[in-house]
Amino acid sequence: MTFLQVTLFLWEGFKLSLLIFAVTLLCGAPLGLPIAFCSMSKFKPLKYLSKVFVWVVRGIPLMLQIFIFYYAPGLVFNIPISRNINLFFLQNFGIENMGMIIPVLVAFTVNYACYFSEIYRGGIESITYGQYEAGYVLGLTKSQVFRHIVLKQVIKRIVPPMSNEIITLIKDTALANCIMLPEIIMKAGELASREMLVWPLFYTGAFYLVFVGLLTIILGRVEKKLDYFKA
Amino acid sequence: MANLYINNIYKKFGKTEVLKGISFTLNEGEVVSIIGSSGSGKTTLLRCINFLETPDYGTISIDDNVLFNGENHSKLTDAQIRENRLHFGLVFQSFNLFPQYSVLQNVTLAPKLLKKGTNEEIEQKAKQLIEQVGLTDKMNSYPCQLSGGQQQRVAIARALAMNPDILCFDEPTSALDPELTGEVLKVIKDLKESGRTMIVVTHEMEFAKNVSDKIIFMADGVIEEIGTPKDIFENPVSEKTKHFLQNSLERI
């Protein structure tokens with residue numbers, strides 16, 4: 001196999017890694033917000049429910065959570081996840097017969113939402129109460145104070161920890177191969193066993209490196225953009 | 001007219017009684033300074049007046065308008081509390097400017113969100129207020145680029161932008177370097193000359209003496225003594241007042 005052929009073969013796998021990355025970020029980041037608000041709720045049952053949930057999700061290996069979401073539908077509801085389930089939006093990307101990506105997406109989204117929620121909570125709680133009070137005495141409503149005064153300061157504070165999580169996320173996608181989802185490392189393994197080519201396994205690192213490099217630049221720009229004020 | 005009537009205010013935090021029956025009247029155009037040692041309840045009183053704390057008992061009224069009545073305070077909705085807050089402005093000890101907004105934006109934010117006029121009107125008025133506190137050249141600076149004294153002057157302009165009946169100051173110079181207190185005190189003094197009604201909690205005795213129409217000396221949650229600056233500083237009646245003033249002067 002030529003270098004180009006190997007690259008294209010691995011790229012097929014990396015597309016899945018990128019898909020898991022994008023869906024987790026797009027669904028997990030917003031989902032973290034209600035979880036964070038529940039954790040800060042004054043209504044005790046909701047607060048503790050949310051804390052226990054975050055504890056469980058952060059306390060169990062992500063790989064195990066993928067297994068749970070993969071096997072639970074079959075074991076509990078008798079509707080096993082089949083490879084043949086097709087999702088129309090995936091077919092558009094040439095990804096077919098990938099039913100097992102659903103439990104992976106769910107597990108990643110839930111898992112990362114919990115991590116994000118803790119970052120949000122830390123960010124929100126780090127804003128001094130004086131900022132809220134300054135808004136209140138001017139006659140602003142609670143939601144105006146949050147949206148127009150607190151939010152941007154929170155965003156500034158959570159960019160560095162969020163960047164960390166986002167960079168971890170792309171590498172965590174490799175865990176999907178525990179249920180035989182052909183992401184990039186799985187594809188490289190295939191080459192090793194079928195074609196006796198070991199070097200593509202190490203070459204996969206380059207894909208991650210390039211992508212993380214891009215992320216670092218983008219996230220650095222975001223950070224820089226918020227550099228104009230101190231909070 | 002806007003005369004403030006504070007009547008028999010009580011406030012407890014847990015088991016600690018912080019305010020034990022505070023009553024006083026502030027007439028329009030008057031400046032009252034509240035002095036007293038730490039823990040005497042000065043700041044809590046100011047926070048009650050600004051509806052950041054809810055008193056347990058007592059009434060707060062402006063002219064005939066009862067803003068707060070301890071008997072039925074649970075009936076105050078969030079909207080009413082906001083409405084009440086608009087009668088007052090508060091300048092904090094630690095400024096609490098919004099760091100992500102420029103000086104001008106800090107001053108215009110609340111009037112714009114609460115639609116107190118067209119954007120042009122609001123900006124024009126804000127610029128005028130910023131000029132009044134002497135910061136026209138800092139209009140587009142961010143709070144982190146300003147000195148403490150400058151930040152506090154912006155905070156004053158921000159409070160004035162909502163056009164409150166009564167402007168309150170919570171130890172406005174306590175967080176400042178000594179050489180910066182003057183510029184803030186001068187702004188307050190100018191406001192007094194333009195006829196603003198103000199309540200100033202302060203440790204600056206000399207300042208209190210010079211700008212106030214009335215001095216309230218608080219100790220242990222009660223008004224120990226109230227009177228003109230002359231009464232309080234030259235002929236204090238209460239032992240506690242004498243003791244406090246002696247200590248304050250010794251420090252200087």
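This is a predicted model: local features need pLDDT of at least 70, side-chain atom pairs count only at pLDDT 80 or more; totals for chains, interfaces and linings use all residues.
## Chain A

Chain A is built from 9 helices and contains 0 strands, so that its elements, read from the N terminus, follow the order α-α-α-α-α-α-α-α-α. The C-alpha trace of this chain extends over about 70 × 45 × 30 Å along its principal axes.

Of the 231 residues in chain A, 47% are buried. Among the contacts in chain A with a separation of 6 or more, 74% are made by residues 24 or more positions apart.

## The contact between chains A and B

The contact draws 21 residues from chain A and 25 residues from chain B. Between them the two chains bury about 2100 Å², with 65% of that area on carbon and sulfur atoms. On the chain A side, the residues that lose the most area to chain B are A:Val137, A:Leu138 and A:Tyr228, which together account for 31% of what that side buries.

## The cavity

The structure has 1 cavity of 30 Å³ or more, and the space in the largest cavity amounts to about 40 Å³. Its lining comprises A:Ala134, A:Val137, A:Leu138, B:Leu90, B:Phe92, B:Ala155, B:Arg158 and B:Ala159, and two elements supply two or more residues each, namely helix 6 (129–137) of chain A and helix 5 of chain B. Helix 5 of chain B gives the most to this lining, with 3 residues.

The largest pocket holds about 780 Å³ of space and has a lining of 26 residues, with A:Lys42, A:Tyr129, A:Tyr136, A:Lys142 and B:Arg85 lying nearest its centre. Helix 6 and helix 7 (142–172) of chain A, together with helix 2 (78–85) of chain B, are the elements that give two or more residues to this lining. The lining residues of the largest pocket comprise 14 nonpolar, 4 polar and 8 charged.

The second largest pocket, with about 290 Å³ of space, is lined by 15 residues, and those nearest its centre are A:Tyr120, A:Ile155, A:Ile158, A:Val159 and A:Met162. The elements that contribute two or more residues to it are helix 1 (3–39), helix 5 (101–125), helix 7 and helix 9 (199–225), which belong to chain A. Helix 7 of chain A provides the largest share of this lining, 9 residues. By residue class, the lining of the second largest pocket consists of 14 nonpolar residues and 1 polar residue, with no charged ones.

B:Arg153 is placed in helix 5 (residues 148–161) of chain B, the element that gives the most to the lining of the largest cavity. This arginine counts as buried because its relative accessibility is 11%, and the cut-off for a buried residue is under 20%.

The side chain of B:Arg153 comes to 3.2 Å from the backbone oxygen of B:Gly134. When neighbours within four places in sequence are left aside, B:Arg153 is in contact with B:Val133, B:Gly134 and B:Leu135, as well as with B:Glu183, B:Val184 and B:Val187.

Conventions: Residues are numbered from 1 along each chain as its sequence is written. Chains are lettered from A and ligands numbered from 1 in the order in which they are written. Side-chain values use heavy atoms; hydrogens and water are left out. Helices (H or I, at least four residues) and strands (E, at least two) are DSSP runs, numbered from the N terminus. Buried means under 20% relative accessible area, exposed over 50%, partly exposed in between (1.4 Å probe, protein chains only). A polar contact is a pair of N or O atoms within 3.5 Å; within protein, one must be able to donate a hydrogen and the other to accept it, and residues adjacent in sequence count only if both atoms are side-chain atoms. Contact means heavy atoms within 4.5 Å. On a 1 Å grid over the protein atoms alone, a cavity is a set of points where a 1.4 Å probe fits but cannot get out, and a pocket is an open set with protein on both sides within 12 Å along at least five of seven lines; lining residues have an atom within 4 Å of a point. Grid points are joined across faces, edges and corners, and a volume is the space filled by probe spheres set on the points. Buried area is the accessible area (1.4 Å probe) that two parts lose on being put together, summed over both. Ala, Val, Leu, Ile, Met, Phe, Trp, Tyr, Cys and Pro count as nonpolar, Asp, Glu, Lys and Arg as charged, and the others, Gly among them, as polar.
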